[in-house]
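This briefing concerns the structure displayed below. The points that follow are grouped by topic.

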Amino acid sequence: MEPVTRKYSNGEITILWQPDLCCHSGICVAELPQVFCPAERPWIRINAASTEELIATVNDCPSGALTFIYNKK
C-alpha cells in the first residue's frame with residue numbers, strides 16, 4: 001500500500017504531509033499556529049505565513065512527515 005501524501009501549495013512551494021509519519025511533536029503548531037491547526041480541516045492553512053516561515057518550520061519537523069518542494073515557474 002502506497003503511503004498517503006497530502007499536498008498544500010502557496011504558489012511558491014508545495015508542502016507535502018505524510019500523516020502516517022507524523023509524530024505530533026507540536027513543533028509545527030508551536031512555531032506557526034496560524035498555519036498548522038490540527039483542530040481544523042484542512043489542518044494546514046498555507047497562505048497564513050510567508051514562504052520563508054513555512055520552510056523554516058518544515059525543516060524543523062523531527063519526523064520527516066513534512067517536506068516541501070519548490071514549484072516550477
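**Strand pairing and packing**

E2 and strand E3 (residues 66-70) are paired in the antiparallel sense, with 5 bridges between them. E2 also pairs with strand E1 (residues 6-9), again in the antiparallel sense, over 4 bridges. The model is predicted; the mean pLDDT of its chain is 89, and 100% of the residues reach 70 or more.

**Confidence**

- Within the chain, confidence is highest in E3, at a mean of 96, and lowest in H1, at 88.

**Strands and their partners**

- Threonine 14 has isoleucine 69, in E3, as its bridge partner.
- Tyrosine 8 has isoleucine 15, in E2, as its bridge partner.
- Arginine 6 is placed opposite tryptophan 17 of E2.
- The hairpin formed by E1 and E2 has 3 residues between the strands, and glycine 11 in this hairpin adopts a positive phi near 100°.

**Burial of E2**

- Strand E2 spans residues 13-17 and is mostly covered, with 5 of its 5 residues buried.
- Ile13, Ile15 and Trp17 point one way from E2, whereas Thr14 and Leu16 point the other way; all are buried.
- In a regular strand, side chains alternate between the two faces of the sheet.

**Nonpolar core**

- The largest nonpolar core comprises 19 residues, and those with the most contacts inside it are Ile15, Trp17, Phe36, Ile44, Leu54 and Leu66.
- E2 and H2 are the elements that contribute two or more residues to this core.
- Nonpolar side chains tend to be buried together in soluble globular proteins.
- Leaving aside residues up to four places away in sequence, tryptophan 17 touches Val4, Thr5, Arg6, Tyr8, Cys22, Trp43, Ile44, Ala65 and Leu66.

**Aromatic pair**

- The structure holds 1 aromatic pair.
- The ring centres of phenylalanine 68 and tyrosine 70 are 5.4 Å apart and the ring planes stand at 85°, so the pair is edge-to-face; planes over 60 degrees apart count as such.
- Tyrosine 70 is exposed, its relative accessible area being 58%.

**Cysteines**

- The structure holds 0 disulfides.
- A disulfide is a covalent bond between the sulfur atoms of two cysteines.
- For cysteine 23, the closest cysteine sulfur is that of cysteine 22, at 6.1 Å, which is too far for a bond; the cut-off for a disulfide is within 2.5 Å.
- For cysteine 61, the closest cysteine sulfur is that of cysteine 23, at 6.3 Å, and this is likewise too far for a bond.
- Cysteine 23 is partly exposed, with a relative accessible area of 44%, whereas cysteine 61 is buried, with a relative accessible area of 19%.
- The value for cysteine 61 is 19%, and buried means under 20%.

**Serine 50**

- Serine 50 is located in the loop between helix H1 (27-31) and helix H2 (51-59).
- The relative accessible area of serine 50 is 30%, and this residue is therefore partly exposed.
- Serine 50 and lysine 7 are 43 residues apart along the chain, and their C-alpha atoms are separated by 17 Å.

Note on methods
Residues numbered from 1 in each chain as written. Predicted model: local features only at pLDDT ≥ 70, side-chain atom pairs only at ≥ 80, totals over all residues. Heavy atoms only, no water. Phe/Tyr/Trp six-rings, centres within 6.5 Å; stacked < 30°, edge-to-face > 60°. Buried < 20%, exposed > 50% of the residue type's maximum accessible area, 1.4 Å probe, protein only. Pairing = 2+ DSSP bridges. pLDDT = per-residue confidence, 0-100. Core = buried A, V, L, I, M, F, W, Y, C linked by side-chain atoms within 4.5 Å. Contact = heavy atoms within 4.5 Å.
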